[in-house]
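Q: I have a model open and would like to learn how to read its features one by one. Could you walk me through it?

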Amino acid sequence: MAAPRFRIDDSATAEDGASIWDVYQPVFGDYATFDTWCAAVWEKHRVRAGFRLARAYDGDVLVGFAYGYVGADGQWWTDNARAVLAPDVADAWLGGHFELVSLGVLAGARGAGIGRRLMRAVVDGRDHERLLLMTTSDAADPARRLYASEGWRVIGPGIGEATVIMAKGTARTGAAGPVPDHDRPAPGGTDRRDGHPRRMAGDRASRDR
Ligand SMILES: CC(C)(COP(=O)(O)OP(=O)(O)OC[C@H]1O[C@@H](n2cnc3c(N)ncnc32)[C@H](O)[C@@H]1OP(=O)(O)O)[C@@H](O)C(=O)NCCC(=O)NCCS
């Protein structure tokens, strides 16, 4: 693969969702059709405050993407994260945080630094003091290794089985809230339709019910 080309945007269209689907579907595979993913996820997320999308291309072919936005009380993920985190941890980290919602690289393009560059493109250099994501509870997973190497720490269980919530304070602020030094297991899930161990903050069908 030639050197990847990166593109970063602070807004996105419905058509951008169609291009991302070509990576989203093989990487995550949790929505049967583009239309269901678009209606349940993309059309809600792409218009949120602070939205940023990073894309990586091999030539003209999309091989990876990452996106996130500013989370707020009243949104599905923030409200459910508040329900599973310890109250002091939730109060310190949630609301006005930046959510790294989704990060995926096609299998054939992995291990070449694309995932790290995509993540940095979305979260680095922003004004947000608190960064959050949700991922697998398997600390040996490549995603967990990536996040740990970028300074993210587990702050509690995630929403759904075998997930955790991770947080990072920005370089400007340092740790923005308490970071428990233990990795508590997930509580068994608040939504049994969502057991995807790799799923991140916004990668779920029903987060905004
Ligand atoms: C996680 C993911 C985005 C990483 O993408 P990538 O382009 O392969 O990542 P990079 O090449 O930038 O590697 C960054 C770090 O990830 C970790 N990593 C990557 N592949 C790994 C592997 N096979 N085993 C262990 N750690 C691995 C390493 O810490 C690596 O840093 P290093 O190269 O300095 O050792 C990719 O594996 C992926 O799309 N996985 C499926 C979807 C997913 O899990 N997304 C995250 C949801 S929470």
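Q: Which residue is the bridge partner of Arg153 in β7?
A: Strands here are DSSP runs of E with at least two residues, helices are runs of H or I with at least four, and both are numbered from the N terminus. Two strands pair if DSSP finds at least two bridges between them. In this case, Arg153 has Ala167 in β7 as its bridge partner. Before we go on, note that this is a predicted model, where local features need pLDDT of at least 70, side-chain atom pairs count only at pLDDT 80 or more, and totals for chains, interfaces and linings use all residues. Residues are numbered from 1 along each chain as its sequence is written.

Q: How many bridges join β6 to β7, and in what direction do the strands run?
A: Strand β6 (residues 153-157) and strand β7 (residues 163-169) run antiparallel and are joined by four bridges. Their hairpin has five residues between the strands, and there Gly160 takes a positive phi near 105°.

Q: Is β6 mostly covered or uncovered?
A: A residue counts as buried if 20 or more other C-beta atoms, placed from the backbone, lie within 10 Å of its own. By that test four of the five residues of β6 are buried, and the strand is mostly covered. For the protein, with its 209 residues, the buried share is 39%.

Q: How do I read the packing of helices α1 and α2?
A: Axes are lines fitted to C-alpha atoms over the stretch in contact, and angles run from 0 to 180 degrees between N-to-C directions. Helix α1 (residues 14-28) packs on helix α2 (residues 34-45) at about 115°, with the axes 11 Å apart.

Q: Which residues of α1 and α2 meet?
A: Residues are in contact if their C-beta atoms, placed from the backbone, lie within 7 Å. From α1 come Ala14, Gly17, Ala18, Trp21 and Tyr24, which meet Phe34, Trp37, Cys38, Trp42 and Glu43 of α2.

Q: Which residues are closest to the ligand?
A: A residue is near a molecule if its C-beta atom, placed from the backbone, lies within 6 Å of it. The ligand is surrounded by 19 residues, with Arg110, Gly115, Arg116, Pro142 and Leu146 the closest. Two or more shell residues each come from β4 (98-105), α5 (114-123) and α6 (142-149). Helix α6 gives the largest share, five residues.

Q: What is the overall pattern along the sequence?
A: The protein has six helices and seven strands, in the order β-α-α-β-β-α-α-β-α-β-α-β-β.

Notes. Contact = placed C-beta atoms within 7 Å. Buried ≥ 20, exposed ≤ 12 C-beta atoms within 10 Å, placed from the backbone.
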